[in-house]
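This report examines selected features of one protein model. Please consult the sequence and the structure shown here before reading on.

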Amino acid sequence: MSKVQQVLTLLQNEANPDKAVEMAVYMKNQFDFLGIPTPLRRKLCKPLFKKAKSQAPDWDFVEVCWESPYREMQYVATDYLNALVEQLTPQDLSRIERLIIRKSWWDTVDALDKVIGSIFLNFPEIRPQLIHWSQHDNIWLQRVAIDCQLSLKRQTDQTLLSEVIQNNFGQSEFFINKAIGWTLREYGKTNPDWVKNFVQKYREKMAPLSVREALKRFD
């Protein structure tokens, strides 16, 4: 039995049809669900991921998970990449980009933020790629470019953060303007003065949503 089939069988054995309907509605009925809550999914997959940490990334596993009709299998793929993040290199970016732009919605895209952020931390030379994504016509690549430093705190590259945000001024897209506010609010926990000064400088160019979200913790 393949690794993917093992995981799918584990999840199918715990399927909850009522929960599946709730989860599908929450995601605007864009995806089919088995009805597996995140804590249970991660508990079921933990032994697999523990073993995988000592092995090279299995991109065939990731791809087959991504092609599954069940949304939980895409979550398994993002959990797997987060578990193996220290093994990922700039050579993996093109594969991750293909995940971001397929079956795209905020749930899977945001789950890849930490993956990209960790690669950037280990390989700062991917900066041009992140800037390119911030200027892309795909909103999900733009969103990842903005939010990939969410967990970096004092290791945040302020110059990069400022550039990718400025590249997305003038947007009408909710998910982009929300991302700008979210990443500024999060960085504000580490460096409130920088965030307040940034908003003060660029307020006229920022969407009201971005400003509200950025300054929420200062109210």
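At what angle do helix 12 and helix 14 pack, and how far apart are their axes?

## Basis of the report

The model is predicted: local features need pLDDT of at least 70, side-chain atom pairs count only at pLDDT 80 or more, and totals for chains, interfaces and linings use all residues. Residues are numbered from 1 along each chain as its sequence is written, and side-chain values use heavy atoms, leaving out hydrogens and water.

## Packing of helix 12 and helix 14

Helix 12 (residues 174–188) and helix 14 (residues 208–215) pack at an angle of about 25°, and their axes are 7 Å apart. Helix 12 is therefore roughly parallel to helix 14 (angles under 35 degrees count as roughly parallel). Helices are DSSP runs of H or I with at least four residues, numbered from the N terminus. Axes are lines fitted to C-alpha atoms over the stretch in contact, and angles run from 0 to 180 degrees between N-to-C directions.

## Two positive phi values

Asn29 lies in the loop between helix 2 (17–26) and helix 3 (38–52). Its phi is near 55°, a positive value in a residue other than glycine. Asn29 is exposed, with a relative accessible area of 58% (exposed means over 50%, with a 1.4 Å probe and protein chains only).

Lys153 is placed in the loop between helix 10 (139–147) and helix 11 (158–166). The phi of Lys153, a residue other than glycine, is also positive, near 50°. Lys153 counts as exposed because its relative accessibility is 54%.

Key: Buried < 20%, exposed > 50% of the residue type's maximum accessible area, 1.4 Å probe, protein only. Parallel < 35°, antiparallel > 145°, perpendicular 65-115°, else oblique.
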